[in-house]
Amino acid sequence: MTGHPYEVLAAQRLLPVLRNTDADEAVRATTALLAAGCRAVELTTSTPGWAGAVARTAELADAHGRPALIGVGTVTTAAQARAALDAGAAFLVSPYPAPEVREVAARRGAVFVEGGFTPGEIASAVRACGAAKVFPAHVGGPGFVRSLRAVLPDAVLIPTGGIGPDDVPDWIAAGATAVGIGSGLPSDPEALAAVFARFRPAVPAGPAVPAGPAASAVSAVPAGPAVPGRGVPGDPGPASRRAAAPEFRP
């Protein structure tokens, strides 16, 4: 596994989306997720003090000693995009088409998962970035993702909205690369670890990527621009990681 967010998400399968009451709560929740075997976590701009929470968690490691990949969601403006990247965000996520964010991401060489709901919006996001957040996913259901996968076979598709942990297998079977989860994760550490262990590859640090649609999503080259990845254990920090990481195309 190279450490690129798309590949990490394809292996992790489950992307926690945190909306907390303050930055301290976000840091505690992120720390618990990392200890449970999660590596990629999405904080959101709806959390007061979110940029500080990103900065405090971007240098943490997961349970296997790999650098955490802290993303920032609900990014809809250029100012938010710049603040998130300056704080050390590994990737950006928007809930709907966000041209300002796309521009900042392209200029900064950042990973951006742009949101969309219609096939046109999702295809546009995929052409630009290789990935799309399908939101609100519960409106269309797994069948909608299955239809999208038929026409976007190499896309990284991350349905989010109204999905619980027990629903994840249905969405993966329909062609989702990973699934955003905003609620329903257990608070008990052992139970939380069991959720991520259910989807974790047999060799966490190895190069294998799960078979099926997610595998092609992280191995094929989309028509959009290349998106650089994140570094590996022992690297010097977020800024250096973004500058030095090898190119990865989903």
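Tutor: Happy to! Two strands pair if DSSP finds at least two bridges between them. Helices (H or I, at least four residues) and strands (E, at least two) are DSSP runs, numbered from the N terminus. This is a predicted model, in which local features need pLDDT of at least 70 and side-chain atom pairs count only at pLDDT 80 or more, while totals for chains, interfaces and linings use all residues. Residues are numbered from 1 along each chain as its sequence is written, and side-chain values use heavy atoms, with hydrogens and water left out.

Let us look at strand β5, residues 111-116.

On one side, β5 runs parallel to strand β4 (residues 91-93), joined by 3 bridges; here L92 has F112 as its bridge partner. With helix α5 (residues 99-108), these two strands make a right-handed β-α-β unit. Right-handed means that, with the strands pointing away from the viewer, the path from the first strand over the helix to the second runs clockwise.

β5 also pairs in the parallel sense with strand β6 (residues 131-134), over 3 bridges, and G116 is partnered by V134 of β6. The chain gets from β5 to β6 through helix α6 (residues 119-129), in a right-handed β-α-β crossover. Within β6, A131 and K133 point one way and A132 and V134 the other, and all are buried.

How values were computed: Buried means under 20% relative accessible area, exposed over 50%, partly exposed in between (1.4 Å probe, protein chains only).
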